[in-house]
Amino acid sequence: MDKVYIFDTTLRDGEQSPGASMTLNEKIRIATALEKMQVDIIEAGFAIASEGDFQSVKAVADTVKESQVCSLSRANEQDIQRSADALKNATQPRIHTFIATSPIHMEFKLRMEPEAVLEQAIQAVKFARKFTDNVEFSPEDAGRSDIDFLCRIIEQTIAAGATTINIPDTVGYTFPKEFGNIFKQVIERVPNSHKAIFSAHCHNDLGLAVANSMAAVENGARQIECTINGLGERAGNTALEEVVMAIRTRQDFTQKQTQIDATQLVPTSRLVAGITGFPVQPNKAIVGANAFAHESGIHQAGVLKSRETYEIMNAEDVGWQSNRLVLGKHSGRAALKDRLQQLGYAIESDERLQTIFQNFKDLADRKHEIYDDDLQALISHVEATEMTEQNLYQLISLKVVTGTDEKPQAQAIVRVGGIEKQGEAIGDGAVDATFKAIESIIQSGVKLLLYSVTNVTDGTDAQGEVSIRIEANGAVVNGQAYDTDIINASAKAYINALNRINDVGKLHPQKESV
Ligand code: KIV
Ligand code: ZN
């Protein structure tokens, strides 16, 4: 009774964040990291959203063995069948089905009467039970639903076979006391509530997602739905690292525990930030760069005398490590393979090791000290290159001339569907000239929404990580790339984002009606 199950929805609700779409390989990498962290349930996606989503859910279900793998479905047979098909090979499959129950959603989104919603929810759960005995039901927008209706639909969906009842605060509207009270009332009033595990799913529109999730746990919830770094639409979802550490650090108060391996929190946070291009703010709890930094003199003096004066957690316990020098120019294949394995990357074949090793040597020629963060970036680069080979656009070469007294000029060669094309442009800076030269070839007409550069490690020879966000025909996508030369990284990130535009256009589970 004291265990709280951690349900991670980074790959589904997190991915719904505009621009956070991930490739199949990236999803497998994140799912593998979540499994290593001992997440109980991984929501791998919304299988009916697109062929790509179906394949990603299937690939995660095929790969992950220790965690349950879940797929979201609206409350209809087609969605549920698609989830069941994607989860066919999962060791521990879960089907998650939902329908909105708040008056505003039923009237304006679904255009359905409450009785019809109730009936559809029951039928959906019964249909899902044909494929697995692990079925979750969510009354969407429960935070703004009528409590009597909520109790009725929960009682009847449990009777129909739902084993987990998830109560979402879909629009992040409730206050902790109010949200906790929904759990208290439902668990007390629903006669068969003991037959299901209750779950909290909070959004962070008022910055209350973690507080609301903890209030739910205080009132009987035994599952928390959350994402790494709190990723998610609008202000995001409950941050996994925050609830896990709140439960653990204040076990004296919560009397609860999770099975999460907290040392994986920081590496997984970095992995998700790197893949999605959504950086972590420095003052973010647990995983922000300053979360354990003591700037003020008073604090430093206190920490030196006794760490507990100002630190309530150990940095090492959540996975912070000093950025150790691991490899250099003279390191061999075996040392590289060994370090990558320690970082959680399985190198499947000698051929793949050779590709990674070649990239490592190229990097070591430009940068003498190779840190763990460099290796993570290197793997992302190798994967992006492999993807690019199957992609429409590929950067072949770039030449940029710039100086104090001249307007920057760029010449780019880009392979477009197998044909090499050349373009050149003058710009207001080296990056501007580069993007214009690429645009003169591709003529995508996309709007640049975000351009940011961060250093992977310290020093002027550090690799730069460039994140780009672009908008085309209403779709928003991100692109990332790493290089010790930030102009090259910028060009590659731009091409990476342009290639991803072709992946968008999938269904949004909550914006389409059932
Ligand atoms: O926020 C929400 O209501 C959801 C449901 C689909 C569970 O994400
Ligand atoms: Zn949600």
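The largest cavity in this predicted model is the space taken by ligand 1. A cavity here is a set of points on a 1 Å grid over the protein atoms alone, where a 1.4 Å probe fits but cannot get out. A molecule sits in one if more than half of its atoms lie within 2 Å of its grid points.

Which elements give two or more residues to the shell around ligand 1? They are α1 (10-14), β4 (93-100), β5 (135-140) and β6 (164-169). Helices (H or I, at least four residues) and strands (E, at least two) are DSSP runs, numbered from the N terminus.

Now the residues. Those surrounding ligand 1 include Arg12, Asp13, His96, Phe98, Ser138 and Glu140. Asn166, Pro168, Thr170, His201, His203 and Gln510 are also among them. To count, a residue needs a heavy atom within 4 Å of the molecule.

Next, polar contacts, meaning pairs of N or O atoms within 3.5 Å; within protein, one must be able to donate a hydrogen and the other to accept it, and residues adjacent in sequence count only if both atoms are side-chain atoms. The side chain of Thr170 places an N or O atom 2.6 Å from an oxygen of ligand 1. For the side chain of His203, that distance is 3.0 Å. Gln510 has a polar side-chain atom 3.4 Å from a ligand 1 oxygen. How much of ligand 1 does the protein cover? It covers 100% of the 260 Å² of accessible area that ligand 1 has on its own. Those areas are Shrake-Rupley, with a 1.4 Å probe.

On to the metal. Ligand 2 is a zinc ion, and its protein donors are Asp13 (OD), His201 (NE2) and His203 (NE2), at 2.0 to 2.1 Å. Donors are N, O and S atoms within 2.8 Å of the metal (3.2 Å for Na, K and Ca); water is not among the atoms, so the site may look incomplete. Along the chain, the spacing reads D-x187-H-x1-H. Both His201 and His203 are buried, that is, under 20% relative accessible area, with exposed over 50% and partly exposed in between (1.4 Å probe, protein chains only).

Thr227 counts as buried because its relative accessibility is 0%. A polar atom of its side chain lies 2.7 Å from the backbone oxygen of Leu231.

Last, Ala437, in helix α17 (residues 430-442). Its C-alpha is 6.1 Å from that of Gln411, 26 residues apart along the chain.

Some bookkeeping. Residues are numbered from 1 along each chain as written, with chains lettered from A and ligands numbered from 1 in written order. Local features need pLDDT of at least 70, side-chain atom pairs 80 or more, while totals for chains, interfaces and linings use all residues, and side-chain values use heavy atoms, without hydrogens and water.

Methods
1 Å grid on protein atoms, 1.4 Å probe; cavity = no way out; pocket = protein on both sides within 12 Å on 5 of 7 lines; lining within 4 Å.
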